[in-house]
Amino acid sequence: MSLLGYIAAAVGFYVFIYYTFLRRTRCKSLVKLYGKTAIVTGSNTGIGKATALALAKRGARVILACRSRGRADAAVYDIRRESGNQQVLFMALDLSSLQSVRDFVQTFLKTEPRLDFLINNAGVTGEGRTREGFGLEFGVNHLGHFLLTLLLLDRLKQCAPSRIVTLASIAHYGGHIDFSLLDQTKDSNFRLGMVLDYSTSKLCNMLFTRELANRLEGTNVSCFSVHPGLVRTKLTRTMSGLLAAVLSKLFFLEPEEGAQTTLHCVLQEGLEPFSGRYFSNCALAQGSAKSRDDALAKKLWEVSERLVGI
């Protein structure tokens, strides 16, 4: 193949990747949120911080639900300064501890009369275990948000119409749920390999959203799962010079861009009929066959209830 042929093939490959995974879309809603309250987990940095900032700019009262007070206080300062909205505050939440989730909810319900939007944004990758002994990715990405959502459902119903948005990922296609492992998490080695564990936690996010929508039918509370896109992470910081700049520009979104599909699902009018569905690039997307399995979703819900003690 000639040099020109290689260049043409490379351009064609990039165009395919761009329009399949990297296209930069934006939430087009102009809705204002004065008088509304939102919780955004993991909002001291990245997509969560960008989401919280966008909601604050629209006038919402925004709760940054984060583990680190130091980083969260810095984010509160930044968001208040950039948005001009002083109704931005920190509440401590460590999703790796089910007791911390319960403490957060107790504090929130005592101090905040409204909840209009719950954005389950936080996520982790890597080895480790939660306080209760669950695999870290499964425990934080799924179980922590599962319990948080269930404990806040009554408030969301009281303030309906309201919405729940959970960050999943296209990585869910690689997920596989072994219920025997979930049941034995505290007593056995849950590690299945970092990529598989993360993918499985994202599949759990998808299934949770699907079953949640079934259970919320008729309540005027809607829920959605989203793929934010390939967002710039610490990965590019390990590269240097021109290579990092080129890769970041071509293949990674900025956090503000990665927040757009979340914002679309929070703000866009008329999405209620699509509750339980999966969105990417600010549009409906088709998840994997497993993520659309209602029987699997129901079983995961029942197992999750038992694991968190509800």
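Predicted model: local features only at pLDDT ≥ 70, side-chain atom pairs only at ≥ 80, totals over all residues.
Residues are numbered from 1 along each chain as its sequence is written, and side-chain values use heavy atoms, with hydrogens and water left out.

Let's start with the whole protein. It has 11 helices and eight strands; these are DSSP runs numbered from the N terminus, with helices being H or I of at least four residues and strands being E of at least two. Of the 310 residues, 52% are buried, where buried means under 20% relative accessible area, exposed means over 50%, and partly exposed is in between (1.4 Å probe, protein chains only). The accessible surface of the protein is about 14,400 Å², and carbon and sulfur atoms account for 56% of that; the areas come from the Shrake-Rupley method with a 1.4 Å probe, and for residues only the protein chains shown count as cover. Take the contacts (heavy atoms within 4.5 Å) between residues at least 6 apart in sequence: 77% of them join residues at least 24 apart.

Now turn to helix α4, residues 98-111. Which residues of α4 are buried? They are L98, S100, V101, F104, V105 and F108. These residues cover an arc of only 155° around the axis, which puts them on the same side of α4; the arc is that of the directions from the helix axis to the C-beta atoms. The partners of the buried residues of α4 are the strands β1 (37-41), β2 (61-66) and β3 (88-92), along with the helices α5 (136-158) and α11 (294-308).

Not counting residues up to four places away in sequence, F104 touches I39, I63, A65, M91, A92, L93 and L148. F104 also belongs to the largest nonpolar core, which has 45 residues. A nonpolar core is a set of buried Ala, Val, Leu, Ile, Met, Phe, Trp, Tyr and Cys residues joined through side-chain atoms within 4.5 Å. The residues with the most contacts inside this core are I39, F104, F108, L148, L152, I164 and L212. At least two core residues come from each of β2, α4, α5, α7 (194-215), β6 (221-227) and α11, and α5 gives the most, with 11 residues. A second, separate core of 34 residues includes L33, V88, V165 and L167.

Helix α5 also holds F138, which counts as buried because its relative accessibility is 3%. F138 and K202 are 64 residues apart along the chain, yet their C-alpha atoms are separated by 8.6 Å. In the loop between α5 and β5 (162-167) you will find P161, where the peptide bond from A160 to P161 is cis, with omega near 10°.

Helix α11 gets the same length check: its 15 residues should span 21 Å at 1.5 Å a residue, and its end C-alpha atoms are 21 Å apart, which agrees. At the N-terminal end, D293 caps α11, with a side-chain oxygen 3.0 Å from the backbone nitrogen of A295. Just after the helix, G309 takes a positive phi of about 80°. The buried residues of α11 are L296, A297, L300, W301, V303, S304, L307 and V308. Among them, S304 has a relative accessible area of 0%. What does the side chain of S304 join in a polar contact? Its partner is the side chain of H142, at 2.8 Å. A polar contact is a pair of N or O atoms within 3.5 Å; within protein, one must be able to donate a hydrogen and the other to accept it, and residues adjacent in sequence count only if both atoms are side-chain atoms. Leaving aside neighbours within four places in sequence, S304 is in contact with H142, L143 and F146.

Finally, look at the loop between β7 (278-280) and β8 (283-285), which holds N281 and C282. N281 has a positive phi near 55°, and C282 has a positive phi near 60°. N281 counts as buried at 17% relative accessibility, and C282 is buried with a relative accessible area of 13%.

Technical notes. Expected span 1.5 Å × (residues − 1).
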